[in-house]
Amino acid sequence: MATHIASVYDEDLKYLSRRISEMGGLAEQMVAESVRALVNADLGLAQKVISDDVVLDDAERQIGEKAIVTIAKRQPMAADLREIMGSIRIAADLERVGDLGKNTAKRVIAVSSASLPRQLSRGIEHLAELTLMQLKEVLDVYASRSAEKAKAIRERDGEIDAIYTSLFRELLTYMMEDPRNITPCTHLLFCAKNIERIGDHATNIAETIYYMTTGAQPLGERPKDDSSNTVGALAT
Amino acid sequence: MNMMSEATLEKAVDQKMNAVPHKMIGKDVSVYYGEKRALFDVNLNIRENTVTALIGPSGCGKSTFLRTLNRMNDTIDHCKVTGKITLDGGDIYDPAIDVVELRARVGMVFQKPNPFPKSIYENVTYGPKIHGLARTKAELDAVVEQSLQKAGLWNEVKDRLHESGTGLSGGQQQRLCIARAVAVSPEVILMDEPCSALDPIATAKVEELIHELRANYTIVIVTHSMQQAARVSQRTAMFHLGNLVEENDTDKMFTNPDDQRTQDYIMGRFG
C-alpha cells in the first residue's frame, strides 16, 4: 500500500504492528512454557509464566493507548481505521491468551503432587501442539496480511475442538475409575479447556485479520467440533 | 441461516436506499473551460432528501460539477457544458429555462460567507422580493423569521434584524447565507465548502443545520474535510482528474471503498 503523506502516521501504525508481533511472540512462549511446566511438573517454569503475564498486560494497555491517540490525532479512514481497530482487538485476544497460559501455570502446583498417567499428558501435549501451531500461523498471517490464509486458519479450529472433546471423555473415565483422581483431573480439565480457548482466540485473531485486510466479515459459522457439552449425557 | 438473514437484510437496506427517487440526474456531463476539459462524461444522480458529498483533491472537478447543477458556470466565459442534467426530469440546460428561476429552485451557499452589505433583514428578504414570493410586510416578516429559524440563527439575531449582516461573526454570516438560500424555498441546496472558513463550533452548527435541512431539501456539498463528508452525508461521490471515480453509500465509502484512488485519497496516502 502507498505510504502516507504524513510519514509520522506510518510510524504510528508500524509501532502498533510491531508491538502486536511482540505480544504474539510472548503469548506463544507463555503457552508453550505453561504446558511444558504442566507435563514436567516444573514449578519454577510455572512461576516464570505467571510473572511474564504482567508484561503482556502492560503491552495491551500501551497498544490501546497508542491506538486511541492515533485515532484522535489522525482520524483514520478505511483500511487505516480497520488496521487500528484490529490492533486493539488482537491485543485483547493476545492478552487473554496470556491469562489462559498463566491459569494453566497456576494449576501446575495443584497437579504436580499427583502422578499423571503418561497417556493423559500426551493428550494435553498434542492439544497444545495443535493450538500453538494455530497461534504461530495466525501471527505469521498477521505479518503477511493474507486474507486467504486467515480464512484457512479459521476453518481449522474444528480439529482442536475434536481433540478437546476426546480429552474430556478420557479425563471423565479416570475420575470414574478412582475418586482420588478427581482433583488432579478437574485441574487438567481446566487446563485442557484453557488450551482449547487459546485456539478460539487464535481463530478470533484470524477473523480480525480477515476483516482488516478485506473490510468484510468472514461469512458463515466457524466450524465447531466441541461436543463436550453433551458428553455427560452419553456417560450416564 | 445466519448468512441468509444477513444477505436479506443487506438487500432490504439496498432496496430502501435505491428506492429514494432521484431529484437531479447528471448524464454524460462534460465541462470545458475553453480548450481545457474539466469534466469527463460524469454520470451522477442526486437523490431526493439526501445529503450527497462530493470529494476529491483540488482541481478534480467536484466544484465544477456542483456549479453545473444550477448553471453557475454560465457566468464564466468560454465555459461549455455538454451532456444532460435534469431537475425532476426537466432539462435545466433547455434554452427555454429561466436561469433565475432555476437558481431559486437550486440555491447555493459559497465557501466564504458573502452576506450583502445590508441589514440581516434585507439579506433574507432580497430573494423573496425579487422572485415575488412575498409582498406585504407581514409576509416578509414571516419569511425572515422562518428562514432564520431554519438556519438556526433566529435566537441570536432576532433583536438586531436591522443591523448589518456583515457585522455578524463568520459562522453567523454563513448561517445567514443559508437562511438567504432557504428564504426562496429552494428544492436543492448546493454548498461549496461551506465550513472551510469557520471554526469548529461554527462548523458543528452548520453541520447540525445540514442534518436538519435534509428533511425538506436535497443537499449537495463539496468539502475538503473527509470527516465532514463522513459526518453529514448519506452518499459520497469521489472525483479525480475530472472523472467520477466512485459513488457509494457514505458508510461504505469511508470504511471500505471499492476504488483504490478513493482509498488512497481518504487515507491521505500517495496515489
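Trainee: In strand 2 of chain B, which residue is the bridge partner of B:Val31?

Mentor: The model is a predicted one. Strand 1 (residues 22-33) of chain B pairs with strand 2 (residues 36-47) of chain B in the antiparallel sense, over 8 bridges. B:Val31 has its bridge partner in strand 2 of chain B, and that partner is B:Leu39.

Trainee: Which residue in the turn between strand 1 and strand 2 of chain B has a positive phi?

Mentor: Strand 1 and strand 2 of chain B form a hairpin, with 2 residues between them. In that turn a positive phi of about 65° belongs to B:Gly34.

Trainee: Which are the edge strands of the open sheet of 4 strands in chain B?

Mentor: The order of this open sheet in chain B is 2-1-4-5, with antiparallel pairing. An edge strand pairs on one side only, and in this sheet that applies to strand 2 and strand 5 (90-91) of chain B.

Trainee: Is B:Leu176 buried or exposed?

Mentor: B:Leu176 lies in helix 7 (residues 170-182) of chain B. A residue counts as buried if 20 or more other C-beta atoms lie within 10 Å of its own. Because B:Leu176 has 26 other C-beta atoms within 10 Å, B:Leu176 is buried.

Trainee: Leaving aside neighbours within four places in sequence, with which residues is B:Leu176 in contact?

Mentor: With those neighbours left aside, the contacts of B:Leu176 are B:Pro115, B:Ile120, B:Asn123, B:Leu153, B:Gly165 and B:Leu168.

Trainee: What separation do the C-alpha atoms of B:Leu176 and B:Ser196 have?

Mentor: B:Leu176 belongs to helix 7 of chain B. Along the chain, B:Leu176 and B:Ser196 are 20 residues apart, and their C-alpha atoms are separated by 16 Å.

Trainee: Why is chain B considered as compact as a globular protein of its length?

Mentor: Chain B contains 11 helices and 10 strands. For its 271 residues the globule rule gives 18 Å, and the radius of gyration of chain B is close to that value, so the chain is as compact as a globular protein of that length. The C-alpha trace spans about 60 × 50 × 35 Å along its principal axes. The radius of gyration itself is 19 Å.

Trainee: What share of the residues in chain B is buried, and what share of its contacts between residues at least 6 apart joins residues at least 24 apart?

Mentor: Of the 271 residues in chain B, 44% are buried. Among the contacts between residues at least 6 apart in sequence, the share joining residues at least 24 apart is 67%.

Trainee: How many helices and strands does chain A have?

Mentor: Read along the sequence, chain A follows the pattern α-α-α-α-α-α-α-α. The counts for chain A are 8 helices and 0 strands.

Trainee: What radius of gyration does chain A have?

Mentor: The C-alpha trace of chain A spans about 70 × 40 × 25 Å along its principal axes. A compact globule of 236 residues would have a radius of gyration near 18 Å, and chain A agrees with this at 20 Å.

Trainee: Which residues of chain A does UniProt list for "domain: PhoU"?

Mentor: Residues 20-108 of chain A are 94% helix and 0% strand, with end C-alpha atoms 28 Å apart. Residues 124-208 of chain A are 91% helix and 0% strand, with end C-alpha atoms 27 Å apart. The UniProt record, an unreviewed entry, lists for this domain residues 20-108 and 124-208.

Trainee: Which element of chain A has the lowest mean pLDDT?

Mentor: The mean pLDDT of chain A is 91, and 97% of its residues reach 70 or more. Helix 2 (residues 43-74) of chain A has the highest mean among the elements, 96. Where pLDDT is low, the predicted coordinates should not be read in detail. The lowest mean, 59, is that of helix 8 (residues 231-235) of chain A.

Trainee: How do the residues of the side of chain A that touches chain B divide into nonpolar, polar and charged?

Mentor: The contact takes 16 residues from chain A and 16 residues from chain B. On the side of chain A, the residues comprise 9 nonpolar, 5 polar and 2 charged.

Terms used:
Residues are numbered from 1 along each chain as its sequence is written. Chains are lettered from A and ligands numbered from 1 in the order in which they are written. This is a predicted model: local features need pLDDT of at least 70, side-chain atom pairs count only at pLDDT 80 or more; totals for chains, interfaces and linings use all residues. The radius of gyration is taken over C-alpha atoms; the globule rule is 2.2 Å times the number of residues to the power 0.38. Two residues are in contact if their C-beta atoms, placed from the backbone, lie within 7 Å. Ala, Val, Leu, Ile, Met, Phe, Trp, Tyr, Cys and Pro count as nonpolar, Asp, Glu, Lys and Arg as charged, and the others, Gly among them, as polar. A residue is buried if 20 or more other C-beta atoms lie within 10 Å of its own, exposed if 12 or fewer, and partly exposed in between; C-beta atoms are placed from the backbone. UniProt positions are given in the numbering used here, feature names are shortened, and annotations may be inferred rather than shown by experiment. Two strands pair if DSSP finds at least two bridges between them. pLDDT is the predictor's confidence in each residue, from 0 to 100.
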